[in-house]
Amino acid sequence: RHILLEAAKSHPKVLRDPAPMVAFDKFGESSLDFLLRFFVANVDDRVGTQTDVMVAVIKRLAEEGIEKRGFSL
């Protein structure tokens with residue numbers, strides 16, 4: 001949760017209010033699945049911001065030794 005929130009909060013286009021949030025969603029076949037939700041002020045920034053945040057998450061998880069099989073940057 002901390003890594004996901006950190007990635008969202010560190011992006012300049014992610015709004016502070018309402019604050020980003022992380023929730024446990026479900027158990028996957030070999031994973032724990034979480035939802036990361038955050039808001040941007042301009043809908044035109046949504047896709048680019050989402051991409052930036054997800055790439056930041058993947059990089060941070062890799063730094064912590066947590067891998068997503070079948071995905072690379």
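Biologist: Before we start, what is a salt bridge here?

Modeller: A salt bridge is a side-chain nitrogen of Lys or Arg within 4 Å of a carboxyl oxygen of Asp or Glu.

Biologist: Thanks. And what sort of model is this?

Modeller: This is a predicted model, where local features need pLDDT of at least 70, side-chain atom pairs count only at pLDDT 80 or more, and totals for chains, interfaces and linings use all residues. Residues are numbered from 1 along each chain as its sequence is written, and side-chain values use heavy atoms, with hydrogens and water left out.

Biologist: How many salt bridges does the structure hold?

Modeller: Four. One of them pairs Asp45 with Lys13, with 3.4 Å between the closest N and O atoms.

Biologist: Where do Asp45 and Lys13 lie?

Modeller: Asp45 is in the loop between E2 and H2 and Lys13 in the loop between H1 and E1, so this pair ties together parts that are 32 residues apart in sequence. Helices (H or I, at least four residues) and strands (E, at least two) are DSSP runs, numbered from the N terminus.

Biologist: Is Asp45 buried, partly exposed or exposed, and what about Lys13?

Modeller: Asp45 is partly exposed at 23% relative accessibility, and Lys13 is partly exposed too, at 43%. The cut-offs are under 20% relative accessible area for buried and over 50% for exposed, with partly exposed in between (1.4 Å probe, protein chains only).

Biologist: Let's step back. In what order do the elements run?

Modeller: From the N terminus on, they go α-β-β-α, which comes from two helices and two strands. The C-alpha trace spans about 35 × 25 × 20 Å along its principal axes, and 21% of the 73 residues count as buried.

Biologist: How do E1 and E2 run relative to each other?

Modeller: They run antiparallel, joined by six bridges; two strands pair if DSSP finds at least two bridges between them. Together they make a hairpin with four residues between the strands.

Biologist: Which contact does the side chain of Ser31 make?

Modeller: Ser31 sits in the loop between E1 and E2, and its side chain has a polar contact of 2.7 Å with that of Asp33. A polar contact is a pair of N or O atoms within 3.5 Å; within protein, one must be able to donate a hydrogen and the other to accept it, and residues adjacent in sequence count only if both atoms are side-chain atoms.

Biologist: Now H1. Which of its residues are buried?

Modeller: In H1, which covers residues 2–9, the buried ones are Ile3, Leu4, Leu5, Ala7 and Ala8. Their cover includes strand E1 (21–27), strand E2 (32–37) and helix H2 (46–63).

Biologist: And His11, buried or exposed?

Modeller: His11 is buried, with a relative accessible area of 12%. This residue is in the loop between H1 and E1, and its side chain makes a 2.9 Å polar contact with the side chain of Asp52. Contact in general means heavy atoms within 4.5 Å, and beyond neighbours within four places in sequence, His11 is in contact with Arg16, Thr49, Asp52 and Val53.

Biologist: What does Thr49 touch?

Modeller: Not counting residues up to four places away in sequence, Thr49 touches His11, Lys13, Val14, Phe38 and Val40. Thr49 belongs to helix H2 and is buried at 1% relative accessibility. Its side chain also reaches the backbone oxygen of Asp45 at 2.7 Å.

Biologist: Which residues join a cis peptide bond?

Modeller: Asp17 and Pro18, with omega about 5 degrees. Pro18 is in the loop between H1 and E1.

Biologist: Back to salt bridges. Which residues are three apart in H2?

Modeller: Arg60 and Glu63, about one turn of the helix. Their side chains meet in a salt bridge (3.3 Å, N to O). Arg60 also forms a salt bridge with Glu64, the closest N and O atoms being 3.1 Å apart. Shared partners join Glu6, Arg60, Glu63 and Glu64 into one network of salt bridges.
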